[in-house]
Amino acid sequence: MKENLNKALEKPGISVWQKVKKANNRGDFASVFMLAPAVILLIVVSVYPFIWVFRYVCYEYNGITSYFTGTHNLVRAFHDLTFWKSVVHTFEYAGLKIVFIIPFALLMAVFMKQKITGSELFRGIYFMPTIISAAISSMVFAFIFASYNGILNAVLRFAGLIDKNVNWLGDTKTAMWVVLIVAIWGGFGNYMIYFMSGLSSISDDVYESARIDGANGIQTFFRITLPLLSPMLKVILMLAITGAFKDYEAIMVLTQGGPNNRTQVMFLYIYQLIFGSQTGSSPQIGYATVLSLIASLIVGLVTAIYLFVSRKLDNVV
Amino acid sequence: MKKTRNAAVLSKGSKAARFVIFLFMVVAALLTIYPVVYVVLGAFKANGELLIGGTSIFPKEWIFVNFIEAWNEANFAVYTMNSIYLAVGVMILSLVISSMAGYVFARKQFPGKELIYGVFVAFMFINVGSVTLRPLFELAIKLHMNTSLFSVILISAGGGQATYIFLVRAYMKTVPKELDEAARIDGCTFFQTFARVILPLLKPILATIALLSFRGGWNEYILPLVFTMTNQAKRPLTVGVTMLKNSGDGAAAWNIMFAGATISIIPILLIYVFTSRQFIQGLTAGAVKG
C-alpha cells in the first residue's frame, strides 16, 4: 500500500526532475544567467529612473525632505518664464543646428564620393571631433573664444576686423552662435558618415547612365542622389532632431546657460534644478520632474510631427 | 584602379570642379583639426604667454613643465588613473554583457523574448533626460556606492548596452547555426558553445564594441561630475579639467588646463589614428541597425 503510494508520488517527481534536466540540456538556465546582467542593468539604469520620475511630480523635494504640494509644481511650470524661454532656446538651438549640420554633412558626403585625392584622410579628420569628449572640446573652444586672451579675438584684431575684443561667450548676441559652432564642429563628421553609408547603397550604374544622358553635377544631385537617398535621409534627420533636443553637455561647459540665460536649454535648466545650480541654490527635484515630463512631451511631439510630415511628403513624392 | 576609372569618365570642366572641391575639403579639414592642434601646441606654451594671448599657435618657447606641474601638483596623475579605470571598466563590462545577451537573443527561443527585446528598444528612445541622474545618484547613496567610480561604470555601461547587444545579435546572423549544432553534438553545453565556439568568431564585432565603449567611458562627463561632486580624488580627466576652468582659483592656470585637456585628448586620439576604420564602421552599424 505504502509502496504503491510512493510510486504514485514518484512519477510526477521524476517528470519534474526530467523536465529540469531537459531544460538544462537545452541551455535554459545558462540563457537566463547570460541574459540576467543585461536585463538587471536595463531595469536599474533605465526602467527604474523612468518610473521614479513620476514619484515626486506632486511633491516639493530638495534631496532630503519632501512634502506634498499637489498641483503646485504644474502651476509653477506654466508660469515659469525661464523654463519657457529655455524651450524657445532649445528649438532655436536644435533648429539652427539641423539647418546647418545636415546640408553641410550631406555636401561633404557627396564630395567624399568623388574620390578626390586624400579623401580617406579627410574622412578621418572630419570624423575626429566625435571621438573627443564634448566637455573637453567645449573647454578648448572656450579658450579660443575667450574675450581677453582668446586667439580668435587676437587674429581678428590683427586682421583689422575688430577694434576691441568681442566677448563671444558673454554677449547675448553672440553666445548662441558660439554654442552652435561648437555643436556643428563636433557633429557634422558623424552625420557625414551616415550619409556616406546611405550614398554607398546607390548603385554606380545609376550615375553612369545619368552621365551618359548628359546630366551635370547639380542635376545629378537633385534628380538622383536626393530622391534615392530620401529613405535614409529621413532616418538621419530623425536621429539629428532627437539628438539636438537632448544636447546640453557642451553648453554646460561653454556657458552654463548664460549669459542671462541666453543659451539656457530645457535639459540644462532641469539639470541645474536637480542638483542645485552653481550659485548654490538648493535642488528642486519635484519641480524638475514635472519639467522633465513636459520637456519629454515636447520632444515626443516634435518627433511625432516630424514622422507625420515626412510620411505625408512620401505620398506627395 | 579607382583613379583610372575616374580619369576616363571625367571631362576637363569637372577636373576644375574637382580642384575646387579639393580646396574646400582642405579648408574644412584645417578648421576641424585646428582646435585640437591649438590646445596641444598651447600646452607647451608658458602660462604668461597664454594669459597674454596673441595670434601664434606655436609656442614662443617650448616648455614641458606644464605637464609635470599638471601631473604632480594639479592631481592629473589621479585623474588619468580614474579615466583609465572608468574607460576600461565600461569596456570590459560592455563586452561581457553584450556578447552574452546578444548571443541569447540571436539563438535562444523563449517566451517573452520579443517583449524583453522590445523594452530594450523602447528605452533607447524613451529619454526623460537629465532628471534620471537623480534617482541613480540616490540609489547609489543607499547602496553606499556613491563615492565609488564603479557605480559610474555600471550606469555608463547600462546606458550604452542596447546598441552593443543589437550589434552582436546582428553579427550572429552571419555565423552559421550549424556551428552551434555541431558543438552541441560534440558535447558542449549551451554556455560552452558560446564561450569556446562562438566567442572567438565574434572578434571583429567585439573589437568594434570595445572601441565604442572605451570611448564612451573615457568621454563620460556629466555622470562622473555628479558622482564626484564632493570627491575630488575620484574625478576622471573630463571632470578634473573642466572643474579647473569653473573654479575661481584655476581660472588663471591656463597652462595647467591646456596640459590637462591635452592629456585627455591624446590617448583617445592615438587609439583613433590606428583604428579609425573600425570606429567609423562601428558607429554607422550601431546607428543604422539600432
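Helices (H or I, at least four residues) and strands (E, at least two) are DSSP runs, numbered from the N terminus. By this count, chain B of the predicted model holds 14 helices and zero strands. The radius of gyration of chain B, taken over C-alpha atoms, is 24 Å. The C-alpha trace spans about 70 × 70 × 35 Å along its principal axes.

In this predicted model, local features need pLDDT of at least 70, and side-chain atom pairs count only at pLDDT 80 or more, while totals for chains, interfaces and linings use all residues. Residues are numbered from 1 along each chain as its sequence is written, and chains are lettered from A and ligands numbered from 1 in the order in which they are written.

An automatic or database domain assignment divides chain B into domain 1 (2–66) and domain 2 (74–289). Their C-alpha centres lie 32 Å apart. Contact requires C-beta atoms, placed from the backbone, within 7 Å. On this basis, 11 residues of domain 1 of chain B touch 10 residues of domain 2 of chain B. On the domain 1 side, helix 2 (12–42) and helix 3 (47–52) of chain B each supply at least two residues. Helix 2 of chain B gives the largest share, four residues. This side of domain 1 has seven nonpolar residues (Ala, Val, Leu, Ile, Met, Phe, Trp, Tyr, Cys and Pro count as such), three polar (the others, Gly among them) and one charged (Asp, Glu, Lys or Arg).

How values were computed
Rg over C-alpha atoms; globule rule 2.2 N^0.38 Å. Contact = placed C-beta atoms within 7 Å.
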